[in-house]
Amino acid sequence: MLFYFSIILAYSFLGFLLEVAYAALRQHPQRARKCFLFFPLCPVYGLSAAAVLALPEGVRAHPLLLFAAGALLATLVEYAVALFYELGVGVRFWDYSQQPGNLRGRVCPFYTLLWGILTVVIYHSLHPALLPLLEALPQGLLLFLFPCLAADGLLSLWLLHRTGSVDCLVWYHPKEKPAM
C-alpha cells in the first residue's frame, strides 16, 4: 500500500513539473498547475501511473498494448478527476472544450494520444531509474507524509469548494518583470 502511495506521490510531483514546463513553453497565463494548497502535485498523473503499474506484466511488457492501455486508463482517470472536481467541489482545473472530439471539455483525443505516448516513454525510460529510489524510501517518511498530504488535500478541497476558484491554491505570486 505504501509503495503505491509513493508511486502516486512521485508521479504527481513529476506531473506538476511537466505541467509547469508546458505552461511556461506555451506562455500560458496560468502557471500554477497544482491541485493542492501546499504540496506541488497534480494527482491525475500519480493516479494514472498507479493504474498503469497495476496492469498485468504482459500488457506492460508489450509497447503497443501499453500505449493503448495507458492512453485509455489515463484518459479515464483524467475524466474521473475532472468530474470529481466539477461536481464534487465546483471547480475546473482544465477545459478541453475548444479541442476537437472533446467529451464535455474533460478529455479529448489529442491528450489521450499524449497520455499513451507519455505512458510508454516513462514506463520504459524513467520508471526503471525511479523504481529503486521509490523502493528505498523509508516507510517512516511515507507514514509521515500520508497525513500531511491528507490534511493538505482536505484543506485544498475546502478552499476550492468555498471559493469556487482554483486561484485560491496560489499562495505565492511570481515577481513581476520590471517595466523597461
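Start with the lining of the second largest pocket, to which H1, H2, H4 and H6 each supply at least two residues. The helices here are DSSP runs of H or I with at least four residues, numbered from the N terminus (strands are E runs of at least two). Before you click further, note that this is a predicted model, where local features need pLDDT of at least 70 and side-chain atom pairs count only at pLDDT 80 or more, while totals for chains, interfaces and linings use all residues. Residues are numbered from 1 along each chain as its sequence is written, and side-chain values use heavy atoms, with hydrogens and water left out.

**Stop 1**

Select Ile8, Phe36, Pro43, Leu47 and Leu149, the closest to the pocket's centre among its 19 lining residues. Now colour H6, which gives the most to this lining, with seven residues. The space inside the second largest pocket is about 360 Å³. A pocket here is an open set of points on a 1 Å grid over the protein atoms alone, where a 1.4 Å probe fits, with protein on both sides within 12 Å along at least five of seven lines; lining residues have an atom within 4 Å of a point. Points are joined across faces, edges and corners, and the volume is the space filled by probe spheres set on them.

**Stop 2: the largest core**

Next, select Tyr85, Val91, Phe93 and Leu160, which touch the most other members of the 31-residue largest nonpolar core. Such a core joins buried Ala, Val, Leu, Ile, Met, Phe, Trp, Tyr and Cys residues through side-chain atoms within 4.5 Å. Helix H1 (2-25), helix H2 (43-53), H4, H5 and helix H6 (139-163) each give two or more residues to this core, and the largest share, six residues, comes from H4. A separate core of 15 residues includes Tyr11, Ala50, Leu66 and Tyr123.

Centre the view on Phe93. Beyond its neighbours within four places in sequence, Phe93 is in contact with Lys34, Cys35, Tyr85, Leu160, Val166 and Leu169 (contact means heavy atoms within 4.5 Å). Phe93 also belongs to a cluster in which ring pairs link it with Phe84 and Tyr85.

**Stop 3: aromatic pairs**

The whole structure holds eight aromatic pairs. Rings of Phe, Tyr and Trp (its six-membered ring) pair if their centres lie within 6.5 Å, and planes under 30 degrees apart count as stacked, over 60 as edge-to-face and the rest as tilted. Pick Phe3 and Tyr4: their ring centres are 5.9 Å apart and the planes stand at 75°, so this pair is edge-to-face. Phe3 is partly exposed at 31% relative accessible area, and Tyr4 is partly exposed at 32% (buried is under 20%, exposed over 50%, partly exposed in between, with a 1.4 Å probe and protein chains only).

Then show Tyr96 and Tyr111, a stacked pair with 4.6 Å centre to centre and 15° between the planes. Tyr96 sits in the loop between helix H4 (63-89) and helix H5 (109-136), and Tyr111 in helix H5, so the pair ties together parts 15 residues apart in sequence. Tyr96 is buried at 12%, and Tyr111 is buried at 15%.

**Stop 4: two buried polar residues**

Move to His127 in helix H5, buried at 8% relative accessibility. Its side chain makes a polar contact of 2.7 Å with that of Tyr11. A polar contact is a pair of N or O atoms within 3.5 Å; within protein, one must be able to donate a hydrogen and the other to accept it, and residues adjacent in sequence count only if both atoms are side-chain atoms.

Finish at Glu19 in helix H1, which is buried at 18%. The side chains of Glu19 and Tyr45 are joined by a polar contact of 2.4 Å.
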